[in-house]
Amino acid sequence: MTLHKPNGITTFEHFKKALLTEVDALLYVDTDVIFLSPISDIWQYFERFNASQFAALTSEHEDENIGWYNRFARHPFYGRMGVNSGVMLMNLTRMRTHKWVSHIIPIYNEYKLRITWGDQDIINVFFYYNSDALFLLPCEYNYRPDHCMYISVCNVSAEGIKLLHGNRGNFHSNKQPLFRAIYEAIETYKIGTNPYLDFVLPLNASLNENVVKETNCGLLTEETMRLAKHMFARYQKKMHD
């Protein structure tokens, strides 16, 4: 299940409704996130929470040299480099018990003139003061251009990229051709057709074009394709039956 965050901070009653009192847990993703793995892969991280944790996020950066929060933030943030709110596991039962809303609104009121990235900054402030409530996800569950545009700083060689986050419009621009190629392959694919023939093969061809391979992110073709090839391998056999 996914939930889109509200555009702005409003009232306590609004947040009570947003926390969906009948729902125990959910996975929030930004609208510019693509799943390259089954949802169950990330959902199983709920089982790894300890007794104090009620949310899971990935780090905003993996390299302090290009980190935003450690260089520019004017407010407290989680850990060494902050967290990114584009993918978030939320145990709502525990969040209600912790009285999440009663913490978030005062943070907004105190820091609203010092935040740049909206809700993400508010979440960072909260987990700065409540670090024991957060489980840190591996970077492959929120893979962004920042992980590869200069050098590769997220090791996805073993697991592959699980969730691809085309933030800052990278699914629709020519800045990072790998991200756009993946988005277009998924957009073009017609559900019900052979996914190996009509998705895996066209995507593999796109990722091997020079315009992709000449970029730093384009060096990750194999890591991008690993899960898709594994999941849809059985359809390759059907092509020859």
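Me: Leaving aside neighbours within four places in sequence, which residues is asparagine 167 in contact with?
Reply: Keep in mind that this is a predicted model. Asparagine 167 sits in the loop between S6 and H7. Once the neighbours within four places in sequence are set aside, its contacts are Asp32, Arg144 and Pro145.

Me: Is asparagine 167 buried or exposed?
Reply: The relative accessibility of asparagine 167 comes out at 11%. The cut-off for buried is under 20%, so asparagine 167 counts as buried.

Me: What about arginine 168, buried or exposed?
Reply: Arginine 168 also has its place in the loop between S6 and H7. Its relative accessibility is 51%. Exposed means over 50%, so arginine 168 counts as exposed.

Me: What is the phi of arginine 168, roughly?
Reply: Most residues other than glycine have a negative phi. Arginine 168 is not a glycine, yet its phi is positive, at about 60°.

Me: Where does lysine 99 lie, and what is its phi near?
Reply: Look in the loop between helix H4 (92-97) and H5 for lysine 99. That residue is exposed, given a relative accessible area of 56%. Its phi is positive even though the residue is something other than glycine, and the value is near 60°.

Me: Back to the loop between S6 and H7: how far is a polar atom of the serine 173 side chain from the backbone nitrogen of lysine 175?
Reply: Serine 173 belongs to the loop that runs between strand S6 (163-165) and helix H7 (177-188). With 18% relative accessibility, serine 173 counts as buried. From a polar atom of its side chain to the backbone nitrogen of lysine 175 is 3.4 Å.

Me: Which residue in S5 is the bridge partner of alanine 55?
Reply: Strand S3 covers residues 55-59, and its pairing with S5 is parallel, over four bridges. Alanine 55 has its bridge partner in S5, namely leucine 134.

Me: How do the axes of H5 and H6 cross, and at roughly what angle?
Reply: Helix H5 spans residues 100-111, and its axis comes within 10 Å of that of H6. The crossing is right-handed. On the H5 side the contact includes Trp100, Ile104 and Tyr108, and on the H6 side Ile122, Phe126 and Tyr129 are among the residues involved. The crossing angle is roughly 115°.

Me: What separates the C-alpha atoms of alanine 158 and arginine 48?
Reply: Alanine 158 is in the loop between S5 and S6, and at 62% relative accessibility this residue counts as exposed. Along the chain, alanine 158 and arginine 48 are 110 residues apart. Their C-alpha atoms are separated by 20 Å.

Terms used: Residues are numbered from 1 along each chain as its sequence is written. This is a predicted model: local features need pLDDT of at least 70, side-chain atom pairs count only at pLDDT 80 or more; totals for chains, interfaces and linings use all residues. Side-chain values use heavy atoms; hydrogens and water are left out. Two strands pair if DSSP finds at least two bridges between them. Helices (H or I, at least four residues) and strands (E, at least two) are DSSP runs, numbered from the N terminus. Axes are lines fitted to C-alpha atoms, for helices over the stretch in contact, and angles run from 0 to 180 degrees between N-to-C directions. A crossing is left-handed if the near helix is turned anticlockwise from the far one by less than a right angle, and right-handed if clockwise. Contact means heavy atoms within 4.5 Å. Buried means under 20% relative accessible area, exposed over 50%, partly exposed in between (1.4 Å probe, protein chains only). A polar contact is a pair of N or O atoms within 3.5 Å; within protein, one must be able to donate a hydrogen and the other to accept it, and residues adjacent in sequence count only if both atoms are side-chain atoms.
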